Amino acid sequence: QVQLVESGGGLVQDGGSLRLSCAASGSLFSFNAMGWYRQAPGKQRELVARLTNGASPNYADSVKGRFTISRDGPRNTVYLQMDSLKSWDTAVYYCYARDRPGWRGTDYWGQGTQVTVSS
C-alpha cells in the first residue's frame, strides 16, 4: 500500500524557517509528481508547490521567492524549504504524490503536518 510520511512541521516565529520532508513508498510505479498542498482554517486546500517529471517546479504566487521544493527521485522523497515565514502561512501542510500521469494515475495524500507561524 502506498504511504506518504511527512515530517518537519511545527511552531516558528514570524520570519523564521522550516523544512518539510515527505517520503513516499509502496507504489508499483515511479511517482510522476510530488508536491505540497496546504489548508488553512476556514479555507480550501490549495497548491503550495509541485514537481512533475519533465517540468519545472510549480509554485503558488503567494510563496514564490520564499519556498523551494526539491526531490530525491531514487528515494521518492520531496522537500519543502520554507523561508521568511509569515502568519498567513499557518496551515496544515499535506504531501501529495501521483504514481502515473493522466487517467492511469492515482493521487495519494499524507496525513498532514501542522505549520504554525507566530507573530
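Q: Before that, what should I know about the model and numbering?
A: It's a predicted model: local features need pLDDT of at least 70, side-chain atom pairs count only at pLDDT 80 or more, and totals for chains, interfaces and linings use all residues. Residues are numbered from 1 along each chain as its sequence is written, and side-chain values use heavy atoms, with hydrogens and water left out.

Q: OK, how many helices and strands in the protein chain?
A: Zero helices and 11 strands, where helices (H or I, at least four residues) and strands (E, at least two) are DSSP runs numbered from the N terminus.

Q: How much of the protein chain is buried?
A: 43% of the 119 residues. Buried means under 20% relative accessible area, exposed over 50%, and partly exposed in between (1.4 Å probe, protein chains only).

Q: Switching to cysteines: which ones form a disulfide?
A: Cys22 and Cys95, with their sulfur atoms 2.0 Å apart; the cut-off for a disulfide is a pair of cysteine sulfur atoms within 2.5 Å. The count by this rule is one.

Q: Where do Cys22 and Cys95 sit?
A: Cys22 is in strand β3 (residues 18-25) and Cys95 in strand β9 (residues 91-98), so the pair ties together parts 73 residues apart in sequence. Cys22 and Cys95 are both buried.

Q: What's the handedness of that disulfide?
A: Left-handed, because the torsion about the S-S bond of Cys22 and Cys95 is about -90°.

Q: Now rings. How many aromatic pairs?
A: Three. Rings of Phe, Tyr and Trp (its six-membered ring) pair if their centres lie within 6.5 Å; planes under 30 degrees apart are stacked, over 60 edge-to-face, and the rest tilted. One of them is Tyr37 with Tyr96, edge-to-face with centres 5.5 Å apart and planes at 65°. Tyr37 lies in strand β4 (residues 33-39) and Tyr96 in strand β9.

Q: What else does Tyr37 pair with?
A: Trp109, again edge-to-face: 5.0 Å centre to centre and 70° between the planes. Trp109 belongs to strand β10 (residues 107-109), so this pair ties together parts 72 residues apart in sequence. Ring pairs link Tyr37, Tyr96 and Trp109 into a cluster.

Q: Is Trp109 buried or partly exposed?
A: Partly exposed, at 36% relative accessibility, whereas Tyr37 is buried at 14%.

Q: What does the Asp89 side chain make a polar contact with?
A: The side chain of Arg66, at 2.7 Å. A polar contact is a pair of N or O atoms within 3.5 Å; within protein, one must be able to donate a hydrogen and the other to accept it, and residues adjacent in sequence count only if both atoms are side-chain atoms.

Q: And Ser84, what's its phi?
A: Positive, about 50°, although Ser84 is not a glycine. Ser84 is also in the loop between β8 and β9.
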